[in-house]
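Subject: Structure handover

Hello,

Here is the structure I promised to pass on. Please open it first, then read my notes below.

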Amino acid sequence: SILKKHSIVIAGHQTSVTLENIFWQQFKEIARARGLSLSKLIEDIDLHRQTNLSSAIRVFVLKEQMKT
């Protein structure tokens with residue numbers, strides 16, 4: 001998969017994450033299904049992460065996929 005850098009705002013601060021397109025698309029779908037903005041969902045992940053943000057998002061997406 002192709003890596004792409006995505007600019008986002010977390011708690012009022014501009015940052016970026018680099019994710020493969022497949023993870024970014026799934027992440028957007030999860031946010032939409034939950035009725036959340038991408039920034040809010042990333043902010044929630046950021047609060048509980050123990051690794052870099054890109055990795056935390058990948059793990060989040062994989063865990064969500066395992067639930068279905």
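**The aromatic cluster**

W24 and F27 are three residues apart in helix α1, so about one helical turn separates them. Helices here are DSSP runs of H or I with at least four residues, strands are runs of E with at least two, and both are numbered from the N terminus.

Before going on, two notes on the source. This is a predicted model, in which local features need pLDDT of at least 70 and side-chain atom pairs count only at pLDDT 80 or more, while totals for chains, interfaces and linings use all residues. Residues are numbered from 1 along each chain as its sequence is written, and side-chain values use heavy atoms, with hydrogens and water left out.

Back to the rings. A search of the whole structure gives two aromatic pairs. Rings of Phe, Tyr and Trp (its six-membered ring) pair if their centres lie within 6.5 Å; planes under 30 degrees apart are stacked, over 60 edge-to-face, and the rest tilted.

- W24 and F27 make a tilted pair, with 6.1 Å centre to centre and 35 degrees between the planes.
- F27 and F60 make an edge-to-face pair, with 6.0 Å centre to centre and 80 degrees between the planes. This pair links distant parts of the chain: F27 sits in helix α1 and F60 in helix α3, 33 residues apart.

Together, the ring pairs join W24, F27 and F60 into a cluster. Are these residues buried or exposed? W24 is buried, at 9% relative accessible area. F27 is buried as well, at 0%. F60 is also buried. (Buried means under 20% relative accessible area, exposed over 50%, partly exposed in between, with a 1.4 Å probe and protein chains only.)

**The nonpolar core**

The largest nonpolar core has 17 residues; F27, I42, I45, L53 and I57 touch the most other members. Such a core is a set of buried Ala, Val, Leu, Ile, Met, Phe, Trp, Tyr and Cys residues joined through side-chain atoms within 4.5 Å. The elements giving two or more residues to this core are β1 (3–10), β2 (13–20), α1 (21–34), α2 (38–48) and α3.

Take I57. Leaving out residues up to four places away in sequence, I57 touches V17, L19, F27, I42 and I45. Contact means heavy atoms within 4.5 Å.

S54 is in helix α3, which spans residues 53–67. With 12% relative accessibility, S54 counts as buried.

**How α1 meets α3**

The axes of α1 and α3 come within 10 Å and cross at roughly 65 degrees. Axes are lines fitted to C-alpha atoms, for helices over the stretch in contact, and angles run from 0 to 180 degrees between N-to-C directions.

Which residues meet? From α1 come F23, Q26, F27, I30 and R34; from α3 come I57, R58, F60, V61, L62, E64, Q65 and K67.

L62 lies in helix α3. At 45% relative accessibility, L62 is partly exposed.

A11 is in the loop between β1 and β2. A11 has a positive phi, near 50 degrees, and is not a glycine. Most residues other than glycine have a negative phi. A11 counts as exposed, at 53% relative accessibility.

Best wishes
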